[in-house]
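Hi,

Here is the structure I promised to send over. Please have a look at it first, and then read my notes below.

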Amino acid sequence: MDARALWQRYQNWLYFHEGLGLYLDVSRMRFDDAFVESLRPKFDKAFADMAQLEKGAIANPDENRMVGHYWLRNPDLAPTPELTQEIVQTLEQIEAFAEKVQTGAIHPPRASRFTDIISIGIGGSALGPQFVAEALALDFPPLKIHFIDNTDPAGIDHLLNHLRNNLASTLVLVISKSGGTPEPRNGMIEVKKAYAGHNLDFAQYAVAITSPDSNLDKVAKEEGWLARFPMYDWVGGRTSEMSAVGLVPAALQGIDIRAMLQGAKEMDDATRVADVKTNPAALLALSWYFAGNGKGEKDMVVLPYKDSLLLFSRYLQQLVMESLGKEKDLDGNTVYQGIAVYGNKGSTDQHAYVQQLREGVPNFFATLIEVLEDRQGPSAEIDPGVTSGDYLSGFLQGSRQALYENQRDSITVTIPQVNARTVGALIALYERAVGLYASLVNINAYHQPGVEAGKKAAAGILDLQTRVVAVLQKEKAALSLEELAEKAGASDQVEAIYKILRHLHTNQRGVVLQGDFHKPSSLTVSAS
Ligand SMILES: O=P(O)(O)OC[C@H]1O[C@H](O)[C@H](O)[C@@H](O)[C@@H]1O
């Protein structure tokens, strides 16, 4: 297509949201009108499915749950007055709490203000708060946030050492919808011990964000934690940024949560329109379907040209891959659906993997995120008449063009500025696109059955460890791995036992391995 025809195609397909100043350009996805027409029946169904979901239908059949994240930014849409009231009240409680913490009305026992936050959570209970903190945190926030999003002891130590002198003024948010996920539970126990080590009463620093009556909620209640905020069963972890999960940490950091909700609401209104060409989420879903043949054959590479949006791709990774990555469709057919997402930021990645994008295996489509405002205030000139921001903008256009010339498709999302309203809008845009795409390919976007397999297997390993250690402690003589496995009633799990022992041995946990480490089967083991 020549330049003139492309310019025409750009204009034909350009979506612009006036209120948000947001543009979506899908002109560099090479679908034609016949393709769009062929998807019309699927889209009609997707729009109808979405309308039902918003009305409170059981959109997550496996878990028999409603899917209501859209109600969080427009509580009047909630299917019952009770739910509406609950959403409104929780929001008010969050704002009141954040204000009291920031003004010092709520303060730690030994300091006049809280200065820092440790946010403990994983998956949907971490990625939204992390993305939003990176995108929107003030240069000098009222409280500075830090995250524990794993059960890595060294990672926990690193953070606690860093905060050692500030622990007495550090608020702890424990975020877990289920209230039973091992990683945040471990993080909480470790942090609690650290507080005890500094003679600090953890309960006076701790806040729980979890489902009412979860294990975490019970602990928080019994121990009299500072505050508890509810998570609802009709909000999935990966769509929970606009619930207490995202709003509590954001409000504490001085982020305008009403503006974030407003931006999401405006985008929800725009993406409710039952017409592909004028609905930006539908345009995204259409483009994804085109790129990957409705089977996820191409990966989504997300490149925001703005440092503060660095974590958007990581946030989208969970939203898209946990929602769409499914073995079965809604009729029980094996379909192996999904779209792989990765990315970092431009122009940084131009000096890393963009080489492959331009010339290598064509197994992706790019999403470029453009921010029109370079910075607040004037820019210095780097070259005569040229600023750093001009370079960034030029690099974005350059990448888009170079990719297109080599038959690599791209989408460009443009926002005027990174602010609470546009970040809320971006989140809502992708939430809806995922929902629509899920309908197009007929899968349940709101469950995650595959995650359970790994969790169960891990629990089995920990159970095996307990059995093996119990056997070792009773034994006087050193045992071979085979002998130990047999005595532990796990003859078919020698490899797992070997790995457990090697880990315990390295960490001096009362287990000694001896022999030739090149030949694991020659090793003997005893309790030390
Ligand atoms: O918030 P939680 O209940 O602790 O869950 C945290 C995360 O863990 C799970 O394994 C799920 O796959 C995620 O969707 C979820 O966001």
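These notes start with the ligand and then turn to the chain as a whole.

A word on the source: this is a predicted model, so local features need pLDDT of at least 70 and side-chain atom pairs count only at pLDDT 80 or more, while totals for chains, interfaces and linings use all residues. Residues are numbered from 1 along each chain as its sequence is written, and side-chain values use heavy atoms, without hydrogens and water.

The ligand is surrounded by 15 residues (a residue counts if one of its heavy atoms lies within 4 Å). Ser125, Ser176, Ser178, Thr181 and Glu322 are the closest. By type, the shell has two nonpolar residues, nine polar and four charged (Ala, Val, Leu, Ile, Met, Phe, Trp, Tyr, Cys and Pro are nonpolar, Asp, Glu, Lys and Arg charged, the others, Gly among them, polar). Helix H12 (312–324) and helix H16 (449–474) each give at least two residues to this shell (helices are DSSP runs of H or I, at least four residues, numbered from the N terminus).

As for the chain, 50% of its 528 residues are buried, meaning under 20% relative accessible area with a 1.4 Å probe, protein chains only. Its C-alpha atoms fill a box of roughly 85 × 60 × 55 Å along the principal axes.

Best wishes
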